[in-house]
Amino acid sequence: MIALCTESSHTRGMGHLFRAMVLAEGLRAAGHAVKFYVNDHPATAALLIQRGLPFEVVPLEDIERNWESKVIERDDIKVWVFDRHRTDQRSAHRIKAKDIPLVTFDDRGGGAALADLHIAAMPCEDGREFAGKRVLTGIRYLMLDPAIAAFRRQRSAVESMVVTLGGADTYGVTTKIMRLLSGRALRKTVILGPAFLHENDLAPHWTSDFVIKRSVPSLIEEFARHDVAVTGGGMTPFEANAAGLPCIVVANEDFEVPVGRELAKLGGAVFAGHHSALDESLFALDLPVAKMSRAGIQAVPIDGTQRVVEAIVAL
């Protein structure tokens, strides 16, 4: 059994969970059993049930309780994967005390130094090297939705756009984007994530000008219907670019700023800046869509999950 330990909430967002679910499907396809260990978050539980992924709610926030050791013994865990952004050193020590491999993702916590494998695929500009016994860096290790291959296509003009600011949209940026796009003569769809809690703020902007959807079954399939996307600075714009969908990237968090800048360098996106100081001129949609679409397809690989699964299985 391989343990996938991740956390999500309205404040934390759901990006870590979405990435871990892609990894889970890749591991299961390779013949390995998985189980999620997650914090108490109803939207997370609903999503895991929907996907048929086994899980257990555990006290992730309780660093002193040593719940990890108990579940490792009970569930016969052979590899432990943390996708939490900052793994506590005490938790990592408890995993390693059970003499099993530890894997982390884009981890800036003290526990990352104890990782046998550290996947750091997301762009980072803070100048620090990632810790761990073996560190794999670069977008070739991005774990993207495998459905991309079936929906990849070249765009040539802007007739329809989609707005998706993550599973939670912690700061309610969706409302700001709807204001900027209101009245534009094109089809506009807004995707609200399962942990979105800003309905009251959204209501004044919810006109016939927008189609509002919530928790769509497949974001990649939804992307296939559109020509431009407005996204946050997580995994989503990489998935969109890989499918040929150009993006306007908005950083919801400070650590998403280097992601937006890197995507702009790759050519499949433009970076509108941090949500607190947006470059509103980009929402006039005067974009070289055909050029951006080609650049995204060429720059973003879609086989990163296979590389990560092979690295984990080899531990």
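Residues are numbered from 1 along each chain as its sequence is written. Because the model is predicted, local features need pLDDT of at least 70 and side-chain atom pairs count only at pLDDT 80 or more, while totals for chains, interfaces and linings use all residues, and side-chain values use heavy atoms, leaving out hydrogens and water.

Let's start with the helices (DSSP runs of H or I, at least four residues, numbered from the N terminus). Helix 1 (residues 15-29) and helix 12 (residues 304-313) have axes that come within 10 Å and cross at roughly 65°; axes here are lines fitted to C-alpha atoms over the stretch in contact, with angles from 0 to 180 degrees between N-to-C directions. That makes helix 1 roughly perpendicular to helix 12 (65 to 115 degrees). Val22, Leu23, Gly26 and Leu27 of helix 1 meet Thr305, Val308, Val309 and Ile312 of helix 12, where contact means heavy atoms within 4.5 Å.

Now to burial, where buried means under 20% relative accessible area (1.4 Å probe, protein chains only).

| Residue | Relative accessible area | Class |
|---|---|---|
| Cys5 | 1% | buried |
| Cys247 | 0% | buried |
| Thr231 | 0% | buried |

The model has 0 disulfides, taking a disulfide as a pair of cysteine sulfur atoms within 2.5 Å.

Thr231 sits in strand 11 (residues 228-231); strands are DSSP runs of E, at least two residues. Leaving aside residues up to four places away in sequence, Thr231 touches Thr164, Leu165, Thr236, Pro237, Cys247, Ile248, Val249 and Val250.

Terms used. Angles under 35 degrees count as roughly parallel, over 145 as roughly antiparallel, 65 to 115 as roughly perpendicular and the rest as oblique. Buried means under 20% relative accessible area, exposed over 50%, partly exposed in between (1.4 Å probe, protein chains only).
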